[in-house]
Amino acid sequence: MQSIDNKFTKSLFVFHAACSPCNNCDIEILDCIAPKYDIERLGMQLVGSPRHADVLLVTGAVNKKVVHRIKMIYEQTAKPCVVVAVGSCACSEIIFRESYNTCGPLDKIIPVDIYIPGCPPRPEAIIAGLAKYIKSRKNAG
Amino acid sequence: MEKIELLSYFFDYLVFPGLLFVVASGMLVSWIDRKITARLQWRVGPGLLQPYYDIRKLFLKEVIIPEGGNKWSFIIAPMCALISIVIISNIVLKYYIDPSGSFVGDIIVVIYMFAAIPVASIIGASASKNPYASLGASREMKSMLAYELPFLMCIMVPVIKTGSISMGAIIQHQLQNGPIFMSLSGLTAFITSIFCIQAKMGIVPFDYSEAETEICGGVLVEYSGALLAIWKLVKMSLLVVAPLFIIVLFASTGFRAGIFAVYFVLLLIVIILKNTNPRLRIDQALRGFWTYAAVASLTALVLAVTGY
């Protein structure tokens, strides 16, 4: 399979999967697209279908209602696909850990490439996380 | 001698004004579109090579063929659409450069090829066995029914004014008598056809068949990898050939490079319309095209017949 390298990181299509979040992370993600941070200048854009996506942006503490849905969405994406856990809930579930309805942090369900902690992470933190990943992948292919 | 003729055919279809030209200019124009959109929204916008990076990446990605769908229709549909674009661009640009080579009825070929693109997208979407895609396909079908009527009546205006159904004769008539849009009927038909090509290209406010935020990409929802890249190339190059077609029909002048100036003005109008209007519902579009646009184009047709 094609590995994720320079050719990919110049153009990332992002699919935003909200898995029972409190919506704060989602608002910060929208801030990244808005004029102040404008990630389209880095070649990233939001897409509507997981078939088009290179990046799966997951927010929220995954609960029993959405656990099979996020698995299905991950299977539906065209590979290679980067999974990004945005916010402390997706990274480690913080206060929802061992709750009666959550199904463990995201990396127990699907393989995660980037962790961006914060409650919610600032847009700068999200962009910094993606930039670090892009840098680490520069000479991978 | 035959060998050279064959080579020139290959050159026409693969390089200029064929595949390479429509793809390269399509990427450039889609960059202009995205950049102007970004500037209108007070953003910085993507870099010049961004459409090229997008397409290159999509060609490297996995292609998923949906299970239970019709495999070959799904694969062939985007290619048919791209071939139609290449044929349109060949006829429009080649005969604009050299009107004497035109054959009678080529304008009808172009109209059919323009209709083949939405038909291909309907076939591809229906073959994917996805409910969102079938929703997109049904909207695309209604949209086609909506805009084809006023579009054809608009195209009738230059045909009536020049008395010919060949592109070459229409262009030559305009070189001698001035562009058609200088007359009252020509101007009405030209303005109406701008809205028709906006719907033809599937650009906001007529993007109901794709509608990313509503039906997740509609007709394109199941496409991935190289096939999605071909669809994106079709959309990009349609942004080049569709405005050029109506410009050649209505605004050819003695100053040959003038169509590019008109083209960029038209492109700017299309982009500003895109950024200042929300998406229409399909019933609103249908009503709009069958009342306002149809009446406007019928008026143009009557004016053209009576000689204005």
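## Overall fold of chain B

Chain B contains 12 helices and 0 strands, and its order along the sequence accordingly reads α-α-α-α-α-α-α-α-α-α-α-α. The coordinates discussed here are those of a predicted model, in which chain B has an average pLDDT of 87, with 99% of its residues scoring at least 70. For the model, the scores are ipTM 0.87 and pTM 0.89.

The radius of gyration of chain B is 19 Å, which agrees with the value near 19 Å that a compact globule of 308 residues would have. Along the principal axes, the C-alpha atoms of this chain fill a box of roughly 55 × 55 × 40 Å. Burial is assigned to 50% of the 308 residues of chain B, and, among the contacts with a separation of 6 or more, 80% are made by residues 24 or more positions apart.

## Helix H11 of chain B

Helix H11 of chain B runs over residues 258–276, a stretch of 19 residues, and the distance from its first C-alpha to its last is 27 Å, close to the 27 Å expected at 1.5 Å a residue. The buried residues in H11(B) include B:Ile259, B:Val262 and B:Leu266, together with B:Val270 and B:Ile271.

## The side of chain B that touches chain A

Between the two chains, 26 residues of chain B are in contact with 17 residues of chain A. On the chain B side, the elements that contribute two or more residues are helix H3 (50–60), helix H9 (212–215) and H10. Of these, H3(B) gives the most, with 6 residues. Sorted by class, the side of chain B that touches chain A comprises 11 nonpolar, 7 polar and 8 charged residues.

## Strand S4 of chain A

In chain A, strand S4 (residues 82–86) is largely enclosed by the rest of the structure, because 5 of its 5 residues are buried. From S4(A), A:Val82, A:Val84 and A:Val86 point one way while A:Val83 and A:Ala85 point the other way, and all of them are buried.

Strand S3 of chain A (residues 55–59) pairs with S4(A) in the parallel sense, over 5 bridges; within this pairing, A:Leu57 has A:Val84 of S4(A) as its bridge partner. A:Val84 is also one of the buried residues of the strand.

Note on methods
Residues are numbered from 1 along each chain as its sequence is written. Chains are lettered from A and ligands numbered from 1 in the order in which they are written. This is a predicted model: local features need pLDDT of at least 70, side-chain atom pairs count only at pLDDT 80 or more; totals for chains, interfaces and linings use all residues. Helices (H or I, at least four residues) and strands (E, at least two) are DSSP runs, numbered from the N terminus. The radius of gyration is taken over C-alpha atoms; the globule rule is 2.2 Å times the number of residues to the power 0.38. A residue is buried if 20 or more other C-beta atoms lie within 10 Å of its own, exposed if 12 or fewer, and partly exposed in between; C-beta atoms are placed from the backbone. Two residues are in contact if their C-beta atoms, placed from the backbone, lie within 7 Å. The expected span of a helix is 1.5 Å times one less than its number of residues. Ala, Val, Leu, Ile, Met, Phe, Trp, Tyr, Cys and Pro count as nonpolar, Asp, Glu, Lys and Arg as charged, and the others, Gly among them, as polar. pLDDT is the predictor's confidence in each residue, from 0 to 100. Two strands pair if DSSP finds at least two bridges between them.
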